[in-house]
Amino acid sequence: MDQTGSNPKGVRRRRVFYIPGYDPIHPRRYRELYRKEGAAQARISGYSLTLSPKQTKGPYGWHAAAEMDGQRSEADIEVLVWSDIVRGSMEASIAGTYWQLVRTAWIYISTGTLRRLMRLRKGPVIAALYPVGMLLLQALMALLLAWGVAHAIGILAGLLSLGGLAAVLMGWALGLGAGCALLRWFKRRDGKFFAYYLMHDYAHTAATRGAMAPEMEARMGQFRALIAEALQDQNLEEVLVVGHSSGAHLGISVLADLIREGLPPERPSLGFLTLGQVVPMVSFLPRARRLRTDLKYLCQRQELAWVDVTAPGDGCAFALCDPVAVSGVAPNGKRWPLVFSAAFTQTLSPERWQELRWRFFRLHFQYLCAFDRPGDYDYFRITAGPLTLADRYRDRKPSRSRIDVPVSKFTSVAAE
């Protein structure tokens, strides 16, 4: 089935599989976000959207019923969970996190990947450097505190005529204890600083220099099985996979493997929506041959429609960077993805934009939220509305300001 065909296909029932980014939180967070923001978007755009318990077996999810443009449609939305793997990767001690800092920085700098990434967008590179700078600043503050306490103890010992090696050792013991306590304080409050969280994120990406870890391969196999089962359902008009942030490159490999295995001849339309993607952070690494192979393969396939939405206002994403082209693996027969901007500065009112523009992590989730001046991107119309992804964007042109030139130093792919 060619997803680029000319016959629009209405949707009465849809299955949506959402692949989150590097997030240790329970998936109910995404249900509450969908409930709250979907209700806000429905009020703004004048349609109906209601949530109820999911009607399918499988992972955590919810059911959405909508009436849009005079048509009724339903969707079962499920979260493909890998938060347990994320939590496992975040168990490093303070010392272990600083070792991750050194190792990750060395990998990105020594391979030339960091320099290449800076040729794309400064925002995500700054976001990648932020935890390095913040953790080093915290370490410096801890050392200064340790020195200050040791110096104060030394002065006090001198005033009390308690000189000698014992006083020096006691001073530094107390100082180092204070420094360690400060580092522990910073870690406990990382919900405000995000230094440890982001460091674990980039370290998880770089640990294998771009290769897929065995535990992730196993989890993606489970994702693939769930999507394959849904494609067997003749009562569905569309199966939609949504990959947000790091979930985008996971979705690329899941769907590439799924199509290689062969899809049913009679099946729902298959859509793939990537949001706020950070694909170059992985595909630019030397051992990311698996991902580069999947990028090259998936971008040519007629079995799906792939739409990539980012926004320059999102400093944590590689905005308008065609993930296939910039990775240097675009073939002559490239079809996908359709790359366009969510245009935050236009689809959010000036008041709303001023409220959000410096809340970088919140903006990275704006793709899943309501817009008070909506354009042609509406997450809730896409996931619960009456049109397939292919039909919704059939005539949409890519953004003219997209970056679609090869930038990656490493372009090798697996043998085909």
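What follows is a working chat about the predicted model shown above.

Biologist: Before we start, what should I keep in mind about the model and the numbering?
Modeller: This is a predicted model, in which local features need pLDDT of at least 70 and side-chain atom pairs count only at pLDDT 80 or more, while totals for chains, interfaces and linings use all residues. Residues are numbered from 1 along each chain as its sequence is written, and side-chain values use heavy atoms, with hydrogens and water left out.

Biologist: What is the strand order in the open sheet?
Modeller: The eight strands run β2-β3-β4-β1-β5-β6-β7-β8 with mixed pairing, where strands are DSSP runs of E with at least two residues, helices are runs of H or I with at least four, both numbered from the N terminus, and two strands pair if DSSP finds at least two bridges between them.

Biologist: Which strands stand at the edges?
Modeller: Those are β2 (48–53) and β8 (338–341), and each has a single partner strand, so one side of each is left without a neighbour in the sheet.

Biologist: And how many bridges join β5 and β6?
Modeller: Strand β5 (residues 238–244) pairs with β6 (residues 269–275) in the parallel sense over seven bridges, and Glu238 stands opposite Ser269 in β6.

Biologist: Switching to helices, how do α9 and α10 cross?
Modeller: The axes of α9 and α10 (residues 246–261) come within 9 Å and cross at roughly 60°, with axes being lines fitted to C-alpha atoms over the stretch in contact and angles running from 0 to 180 degrees between N-to-C directions. That makes α9 oblique to α10, the class left over once angles under 35 degrees count as roughly parallel, over 145 as roughly antiparallel and 65 to 115 as roughly perpendicular.

Biologist: Which residues of α9 meet α10 there?
Modeller: Among them are Met216, Met220 and Phe223 in α9, which belong to a set that meets residues of α10 including Leu250 and Val254, contact meaning heavy atoms within 4.5 Å.

Biologist: What about Leu320, buried or exposed?
Modeller: Leu320 is buried at a relative accessible area of 2%, and its phi is likewise positive, at about 55°.

Biologist: Which peptide bond is cis?
Modeller: The one from Trp336 to Pro337 is cis, with omega near 0°.

Definitions and conventions:
Buried means under 20% relative accessible area, exposed over 50%, partly exposed in between (1.4 Å probe, protein chains only).
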